[in-house]
2 protein chains.
Amino acid sequence: MSEVVKEVIAANASYVADFGNKSDLPMPPARQFAILTCMDARLDPAKYAGLAEGDAHVIRNAGGRASDDAIRSLVISYKLLGTKEWFVIHHTDCGMETFTTEIMGDLLSSSLKTSSVDASCWHDSNAGDGTTDGKYINWLTITDQEKSVLEDVQRIRNNSMVPSEIPIYGYIYDCKTGSLNEVLAATEAGKVG
Amino acid sequence: MSEVVKEVIAANASYVADFGNKSDLPMPPARQFAILTCMDARLDPAKYAGLAEGDAHVIRNAGGRASDDAIRSLVISYKLLGTKEWFVIHHTDCGMETFTTEIMGDLLSSSLKTSSVDASCWHDSNAGDGTTDGKYINWLTITDQEKSVLEDVQRIRNNSMVPSEIPIYGYIYDCKTGSLNEVLAATEAGKVG
């Protein structure tokens, strides 16, 4: 067993010992909202947004992007589990700003198992030219956080399975201060539907 | 401003006030691992696995499934930010066990904006017959948690961009006790590559 696994199992045992009355929490989020944010290790959405167990859905991926899979999750969150407000929260100093799809393609082709990656199963592959080479996977990189929040709020809003009455709030988390800063236009986009 | 937004902003202000020395945390996860788990409101991965800010990547979606987007995130986590071990953690009493793709298609067609959903952008659409109707989106539902963990560990393992030396551990989180329970065969699958 690796050191990491030992540490996780030990931490989990402490959590179980203090589990208290959380056994009977219902499945639907008590506070009826969902957060889509980045997988970044520095972000703890439960802490930065004040969530207790049972409060809200938390969806996370590289960048906190409104990928098809994030939208799948949000639609389930609303339709089956009753969330009524959604937050899209990107953050400063995001890893997704440090590379491009071209760089990632080069990295992969020089070091992984195969030089030509089968990307036929990738939802965002085929950067216009129909190829499925690893270089053309869309890694959903970010050049500007305000823009990426706006784009993602709009992408969710435009999805035909998303009901127009759900507000979608856009924020940027500041890794230097822990602060959530509103991206006004995104919130507006969320309101106007 | 909605009550939820007010509460989130107030909670965030408290977090900022106690932010302490977290300003200088580096971007790469200090403990070099990543967790893929469900968006379920009852799950707090930082608490159940003992993560401090800066420790590990956390990827979450409906079911904790190894979707293409989750694999995108894991490959970035490894390749650009140095994680070396991955956990796939599903859980008991998951919402993804409560419906089927057919039920979801019916729900959507009866109540959302359009009766025929454009699923052409969905990575898991086209259930074999080439149609793009909302009924044929693959919602990645679950019938058996052990099976879904196994499937997802294997799906990640089989992806040509995933290096064979990364261990992938499979666990089921028990919502009644807070306990992480190993799915042995999944862990084995992770080890053998």
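A: A polar contact is a pair of N or O atoms within 3.5 Å, and in this predicted model that rule can be applied across the interface of chain A and chain B.

Q: How many residue pairs are in polar contact across the interface of chain A and chain B?

A: The rule finds 35 residue pairs, counting those with both residues at pLDDT 80 or more; the salt bridges between chain A and chain B number six, one of which joins the side chains of Glu53(A) and Lys47(B) at 3.2 Å, N to O.

Q: Which element of chain A gives the most to the side that touches chain B?

A: Helix 3 of chain A does, with 10 residues, while the elements that each supply at least two residues include helix 1 (3-17), strand 3 (85-91) and helix 5 (145-158) of chain A. By residue type, that side of chain A divides into 50 nonpolar, 22 polar and 23 charged.

Q: What is the area buried between chain A and chain B?

A: The buried area is about 8,000 Å², with carbon and sulfur atoms giving 63% of that area, and the contact takes 95 residues from chain A and 95 residues from chain B.

Q: Which residues of helix 5 of chain B are buried?

A: The buried residues are Gln145(B), Ser148(B), Val149(B), Asp152(B), Val153(B), Ile156(B) and Arg157(B).

Terms used: Residues numbered from 1 in each chain as written. Chains lettered and ligands numbered in written order. Predicted model: local features only at pLDDT ≥ 70, side-chain atom pairs only at ≥ 80, totals over all residues. Heavy atoms only, no water. Buried < 20%, exposed > 50% of the residue type's maximum accessible area, 1.4 Å probe, protein only. Helix = DSSP H or I, 4+ residues; strand = E, 2+ residues; numbered from the N terminus. Contact = heavy atoms within 4.5 Å. Buried area = accessible area lost by both parts, 1.4 Å probe. Salt bridge = Lys/Arg side-chain N within 4 Å of Asp/Glu carboxyl O. Polar contact = N/O pair within 3.5 Å; in protein donor to acceptor, adjacent residues only side chain to side chain. Nonpolar A, V, L, I, M, F, W, Y, C, P; charged D, E, K, R; others polar.
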